[in-house]
Amino acid sequence: MSTHKEILAKLPEHFDKARESGDLLFFPSSVHTHAENGVEFQIRLCPALQNKPRLPTPDFTKDAPSAQAQEKQRHDPFAPPYVPALLLGEVRDASEGREYVILFNKYSVVPHHFMVVTKDFQSQTSPLLPADLVQVYLFLQAARAVGRKFFAFYNCGDLSGASQPHKHVQLIPIDDDGPPVEKLARAAKIDQEDRPFSLGALPYANHVRRLPSSLSNTSEPDTLEPALADAFLSLLDLAIQTVRHDPTYPAGTPSYNVFLTLEHIHIVPRRQETHTLAGTGEKLSVNALGFAGMLLVKSERELEAVKEEGVTKILKDVALETVHEAQTDAHTVADDHIAGQE
């Protein structure tokens with residue numbers, strides 16, 4: 001087993017070796033900023049992705065074969081034997097003994113993009129467990145310890161933008177203070193930091209929980225696990241409540257996106273995976289990165305269509321309406337207390 005810090009420290013060298021061997025494909029891109037609703041959204045243009053092989057979206061519908069049966073029908077890239085150049089190490093949760101494999105994303109748009117994958121098969125429709133949260137958070141801490149900044153995201157369910165049915169959390173590096181929506185959350189002034197809140201500047205249901213300020217300075221599972229699990233479950237409960245208030249929500253297990261930093265956990269319930277761009281008629285797939293404020297497009301045409309239509313309108317279309325009035329006992333809206341929105 002490796003330590004989290006050891007894995008983070010060797011990312012640059014191993015990334016270069018994986019590219020040189022041809023086992024990892026890196027797609028160069030350019031980032032375009034687009035300001036809306038007080039958020040400096042990042043739209044990443046990557047034309048080379050038009051040539052990336054597209055995997056079928058896992059079938060999570062009620063009558064579909066089990067996730068395990070689907071994996072037998074096609075190769076699971078997260079199952080052994082692992083491609084040596086993509087394997088960064090393995091970690092084990094100290095409290096529950098769960099084991100995880102750490103793999104590079106084979107198709108990388110951002111250098112050093114890696115994944116925390118359950119060693120035993122678990123479904124991507126299942127919520128994050130306390131052990132999952134702890135291991136991911138330890139990687140965020142380890143990144144800081146080696147002078148890097150990362151954030152994590154999880155696409156849960158068939159409407160979330162997930163491309164693999166084997167449970168995995170993804171981590172990517174960031175150059176500044178966090179993904180755009182995290183900056184909005186950090187600026188939010190809230191009365192009770194141990195309660196969920198929403199970012200009222202965003203026109204769709206979103207649920208955020210601020211983590212205790214001392215949490216990022218401890219690596220003790222007995223401290224991390226209850227704090228992270230309590231925060232995540234409080235948000236998941238609100239996301240499910242949001243779904244239940246929508247009588248037109250598609251049948252089946254609710255889908256949602258999660259992203260996690262050292263300071264906050266965010267959950268956004270999802271209505272659909274793709275948005276049809278008004279300017280092109282093409283479908284744009286949205287996953288958790290979009291709700292973190294980082295959309296991915298494959299052509300200049302898509303880029304201009306997204307800017308013209310508006311990022312928040314696109315995100316609203318694939319998310320759900322807010323139901324604040326039905327959640328006031330457990331949920332606060334931070335829109336009137338967000339600095340720098342005017």
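Hi everyone, let's start with His168, which an unreviewed UniProt entry lists as "active site"; UniProt positions follow the numbering used here, feature names are shortened, and annotations may be inferred rather than shown by experiment. This is a predicted model, where local features need pLDDT of at least 70, side-chain atom pairs count only at pLDDT 80 or more, and totals for chains, interfaces and linings use all residues. Residues are numbered from 1 along each chain as its sequence is written, and side-chain values use heavy atoms, leaving out hydrogens and water.

Where does His168 sit? You'll find His168 in strand β9, residues 168-173 (strands are DSSP runs of E, at least two residues, numbered from the N terminus). With 4% relative accessibility, His168 is buried (under 20% relative accessible area, 1.4 Å probe, protein chains only). Leaving aside residues up to four places away in sequence, His168 touches Phe78, Met115, Val116, Val117, Gln124 and Tyr154, a contact being heavy atoms within 4.5 Å.

Now the rings. There are 8 aromatic pairs in the structure, meaning Phe, Tyr or Trp rings (for Trp, the six-membered one) with centres within 6.5 Å; planes under 30 degrees apart are stacked, over 60 edge-to-face, the rest tilted. Phe151 and Phe153 have ring centres 6.3 Å apart and planes at 40°, so this pair is tilted. Both Phe151 and Phe153 are buried. Elsewhere, ring pairs join Phe15, Phe26 and Phe104 into a cluster.

Last stop: Lys106 lies over the face of Tyr107, 6.0 Å from the ring centre (the cut-offs for Lys are NZ within 6 Å of the centre and within 35 degrees of the ring normal).

Conventions: Helix = DSSP H or I, 4+ residues; strand = E, 2+ residues; numbered from the N terminus. Buried < 20%, exposed > 50% of the residue type's maximum accessible area, 1.4 Å probe, protein only.
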